[in-house]
Structures are given as structure tokens and as C-alpha cells.
Amino acid sequence: MVVLSKPPPLKQFSTIKTFKQHTHNNNNNNNNNNNYYFSGIPVIDLSKPDSKTLLVKACEEFGFFKVINHGVPMEFMTKLESEAVNFFSLPQSEKEKAGPPDPFGYGNKRIGPNGDVGWIEYLLLRSNLDSVSPRCFNAFKENPEFFRSVVNNYISAVRNLACDVLELLADGLKIQPRNVFSKLLEDEESDSVFRLNHYPPCPELSRNLIGFGEHTDPQIISVLRSNNSTGLQISLKDESWVSVPPDQNSFFINVGDSLQVMTNGRFKSVRHRVIANSVKSRVSMIYFGGPPLRERIAPLPSLMAEGEESLYKEFTWCEYKKSAYKSRLADNRLGHFEKFAPSPTSADVVKSLF
Ligand SMILES: O=C(O)CCC(=O)C(=O)O
């Protein structure tokens, strides 16, 4: 894949054309995209005994939630944020030494190999830094070892958090063993990745430019931390989009496609996107916890009621990844693997009339 050193012209960037507003519970501050913060995002205190029940509810209802009392030292987050800011402040020619993304490495404006673009630059790494190509650290000539250790500390802490959440979810679902999900992230061959995103302030406010187009994450679980900048939105069950209030001290967790399949659709893989901000840079760091390539992704028998059928055809994580890599960001990637075609929503019926 080629990453152009000259960014694509602005007219190639998508904008939000229809913005189905959520009609209630969006009563907080106005952010600078003239959208409202949604106050209904579940906030789960991991130190509380009821957290396992609330986590299950949040995965069923939203596929998305915020965790507090998460145990990740603040220092790990701020150090990594400062390293990320230093990296993204380098001259373009320096950053490009860590690119092009193949898929790992530095990328600018182009996301994936199939024509998606966004108001973003990023550094995508394998979460096991021992297998990261030295090219990805090319731009850190001053002190690549320091950057490596800051990223390593952060990833280890956030992987532990992801595993804690997955174990609480197993408890909440009353299934055994409690590491049934987390062992996939702990496996030496776990195919987990880590991404640093930078969304520079966008001059084209009125156009509601897309920073990162709508998509679901294919892995099991994603753990996101950002600076205090707006932009992240999630889609609710009624397909309306709501803005997530930023919180730099907490983590936002997404259910990924694989967890949706392992729970036979009980948990929802959340559709999300980022809208460029006109004033402030957004810096986000996301750990995507994925299974080993050979892992068969299928509903857990312990979660199936008697006579319940799997909603999905059988596939391995490697097969799913290959198929996802051929798709556009907004595609319904799980669609190819669903056994039963979903019944059309009212929005589909209206669309088909025009
Ligand atoms: O930058 C963000 O806040 C979200 C980015 C995202 O969804 C992704 O990298 O997959």
C-alpha cells in the first residue's frame, strides 16, 4: 500500500450529511460541533461488587461503556500522551520514516487499503513490540528505547484492564472458566494491536469533517483513552449518533465483532466514528485485544440455551481478518458470516423507496 506524502484534497473527505439526533437524555454541555454530549453512557466503577452485572447490561444495551477505578496509573497515560504529541509534532518527512502503514507503521489521512480517508494521522503497532518492525521506530532516533518502554508499560497495564473486564463479564454471564475470553488476549500468539491517533484541528468546521469513519472493531474488545478533546461518537440501537463526553482520566471500552459472535449476538459490537474538531487536537490511544490467528470464533456453548442455533457461520480469526481487510470501514463486516439475513429496518425500507 502506498501512502502519499501529499494528503488527498479536502473534497475527498467525507462529511456528516445526515445527523439523526438522539431525542432524549442528551442534555449536557454543547460541544463545539453543535452536537450534544450524551449523558447516558454507562459509567462502571470496577471497584464495586455490582460491576459485573452492570458490565453485562452495558454490553447488551450499548456495546460501549466507561470504566473508572480501573487501576491503570495516570502516569502511564500522561507519559504516552506526551510521547505521542512529540511524535506527531515532528516534521512530516520525519514521521514518514515510520511509514507507510503496511498495515503497521505511520499513516496519514488514508485508513486501510480500500480508499477510506479521514482527518487523521496515526501510528499502528503490533501490541507485542518484540515483533514490531524497527522501521516503526525510525522517527524516534533520539530515544527509541524510551518510547518503546513507555508504550510497553501502557500496553501491559491496559491489557490487564481488558482481561479484568473480560473476567468480570464471564462472572456476570455466570460462565466458567472465568478466563474464557481473557485467555485469548493473554495467549502468546494473541493478535492484538495498538494504535495512536492524532486528529489535528480541522479548519473546515462547518463541514463536519470525518476524522475516522464509522465502523465496528473486528477484535474482541477495545480499550480507548483520549485527551480531553471531543469528537468520538457512538451509534445507539435506534441508529442515532451521540457524542461521547471526553474524560482523560477514564477508559472507554468497545465490544468488538468477535465478542458479539462469541456471545451469539447477546453483546453488541458498537458502531463508532470520530468527527474532526475545529479547535483542539484529539490524541487517542487504543488497545485492540484480539485472539490468536488460528482461533475459531464461535458462540460459546455455555451461553447457548437449549436448541439455540448459532447466528454465524464458522470462521477463524485469520479468515475474519482477511475478509475485513478487503472491506471499507463502514461495511457490515459480520454480514458475510451471518447465517440469517437480518430483517430490514424501517430506515432500509425508506431508503429502498428512493
Ligand atoms: O480516535 C478515537 O477516538 C477512535 C478511533 C477508532 O475508532 C479506531 O482507531 O478504531
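Helices (H or I, at least four residues) and strands (E, at least two) are DSSP runs, numbered from the N terminus. The model is predicted, local features need pLDDT of at least 70, side-chain atom pairs count only at pLDDT 80 or more, and totals for chains, interfaces and linings use all residues. Residues are numbered from 1 along each chain as its sequence is written.

**View 1. Packing of helix H1 (residues 51-61) on helix H4 (residues 144-173).** The two helices pack at an angle of about 90°, with their axes 8 Å apart, where axes are lines fitted to C-alpha atoms, for helices over the stretch in contact, and angles run from 0 to 180 degrees between N-to-C directions. H1 and H4 are therefore roughly perpendicular to each other, a term for angles of 65 to 115 degrees. Residues in contact (C-beta atoms, placed from the backbone, within 7 Å) include Leu55, Val56 and Cys59 of H1 and Val165, Leu168 and Leu169 of H4.

**View 2. Surroundings of the ligand.** The ligand is surrounded by Arg195, Asn197, Phe212, Asp217, Leu224, Ser226, Leu232, His272, Val274, Ser284 and Ile286, a residue being near a molecule if its C-beta atom, placed from the backbone, lies within 6 Å of it. At least two residues of this shell come from each of strands E5 (193-199), E7 (221-226), E11 (272-275) and E12 (282-289).

**View 3. An open sheet of 4 strands.** The strand order is E6-E11-E8-E9, with antiparallel pairing; two strands pair if DSSP finds at least two bridges between them. E6 (210-215) and E9 (241-243) stand at the edges, each with a single partner strand, so one side of each is left without a neighbour in the sheet. E6 and E11 pair over 3 bridges, and His215 stands opposite His272 in E11.

Note on methods
Angles under 35 degrees count as roughly parallel, over 145 as roughly antiparallel, 65 to 115 as roughly perpendicular and the rest as oblique. Two residues are in contact if their C-beta atoms, placed from the backbone, lie within 7 Å.
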